Amino acid sequence: MPSNTAPGKLATSDIFPIQLRFFLKVHEDGRCERFVGTTILPSGVDPLTGVHSKDIVISPETNLNARIYIPKNATTGRRLPILIYYHGGGFVVDSPRSTTYQPTLNLLTAESDVVIVAIDYRLAPEYPIPIGYNDSWEAIKWVATHSKGGGPEAWLNDYGDFEKVFLIGDSAGANIAHNMAIRAGLEPINELNLEGLILLNSYFGGNDPIGLECGKNKELKGYTDEFWLFANPSKSGLDDPLFNPGKNPNLWASGCSRIFVSVAEYDSFRDRGFLYKELIEKSGWDGKLEFMESKNENHVFFLFDTSCDNACNLRDTICKFINGSQN
């Protein structure tokens, strides 16, 4: 199956050579070279957790694909919550099939006893924003086609509980999940019940700095803002409602009844996570929000050290959230 992290080429070569440090370089001829998230792990049976995974095609026309995961004890007739997972990478790198994501997705599947559909949406700059968002919405609608048992993917037909669907993402993927939840509130998909939204170290921003962005994280904000501006050529800037939730007049419309927000103490996006909590609570959204801060940790730490105490605690909290338990 073709990967959306494979080297690509821009439709035009009129762009000057540009490099997002450590992540990506666009050459003068338009060729896009990625340095992160390009090592792909095979699907199959995970020896640590016993989780089964396989790659699936959602749209052959657009090369929209996903990797689906089920726990080792999945049996026909026992319905499991469905997590639709959006990976991070600043909208420009990585894949749910990479060495960054496969271990965490296996653990989350096993420990939470869920079906995960991890979306390999198309990446900028070859496919600039809003294409990644459009892919992500198409993926939700594709999942919904399985609600009566007649969809193209047997694992969703046999094991998925369409009354318990969650959107989940980290970093840029959390941004996507948030925006998909709002769209689901404005354009309901009747074939499934969107019960919850899980946001892990969300990649949000805005033109005006807040908190530590005014001080020690000022330079880092400038760097991370580059990813949004590079991925989104629409000239809508840092206050685009897709990037700055405070500028979205439909924040109240999130189409789920529960939201879980996780931040990390040393993450430069920490203040954005706290602001998001405040904005949601003041928006008029009629639901319950849960919030967690992981101390002494940085951005998406749980992907890089899956066995550390804070990563284990975070996954345990996610499991309780999915199953409706109180923290």
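Which residues form one aromatic cluster with Phe 91? The legends below answer this and then move to other sites.

The model is predicted: local features need pLDDT of at least 70, side-chain atom pairs count only at pLDDT 80 or more, and totals for chains, interfaces and linings use all residues. Residues are numbered from 1 along each chain as its sequence is written, and side-chain values use heavy atoms, with hydrogens and water left out.

**View 1. An aromatic cluster.** Phe 91, Tyr 133, Tyr 203, Trp 228, Phe 243 and Phe 269 form one aromatic cluster. Rings of Phe, Tyr and Trp (its six-membered ring) pair if their centres lie within 6.5 Å; planes under 30 degrees apart count as stacked, over 60 as edge-to-face and the rest as tilted. By this rule there are 14 aromatic pairs.

**View 2. Two aromatic pairs.** Tyr 85 and Tyr 101 make an edge-to-face pair, 6.2 Å centre to centre with 70° between the planes. Tyr 85 lies in strand β8 (residues 80-86) and Tyr 101 in the loop between β8 and α1 (102-112), so the pair ties together parts 16 residues apart in sequence. Helices (H or I, at least four residues) and strands (E, at least two) are DSSP runs, numbered from the N terminus. Tyr 85 is buried, at 1% relative accessible area. Tyr 101 is buried too, at 2%. Buried means under 20% relative accessible area, exposed over 50%, and partly exposed in between (1.4 Å probe, protein chains only). Phe 91 and Tyr 133 form a tilted pair: 5.7 Å centre to centre, 45° between the planes. Phe 91 sits in the loop between β8 and α1 and Tyr 133 in helix α2 (residues 131-144), so this pair links parts 42 residues apart in sequence. Phe 91 is buried, with a relative accessible area of 4%. Tyr 133 is buried at 4% relative accessibility.

**View 3. Helix α2.** Ten of the 14 residues of α2 are buried. Among them are Gly 132, Asp 135, Trp 137 and Val 143. The expected span is 1.5 Å times one less than the number of residues.

**View 4. Helix α6.** This helix covers residues 270-283 and reaches 20 Å from its first C-alpha to its last. Its buried residues are Asp 271, Arg 272, Gly 273, Tyr 276 and Ile 280. They pack against α4 (172-186), β11 (194-200), α5 (218-231), β12 (258-264) and β13 (288-294). Contact means heavy atoms within 4.5 Å. Just after α6, Gly 284 takes a positive phi of about 100°.

**View 5. Asn 232 in its loop.** Asn 232 is found in the loop between α5 and β12. At 6% relative accessibility, Asn 232 counts as buried. Asn 232 touches Ile 129 and Asp 240, leaving out residues up to four places away in sequence. Ile 129 is 103 residues from Asn 232 in sequence, yet 4.9 Å away in space, C-alpha to C-alpha.
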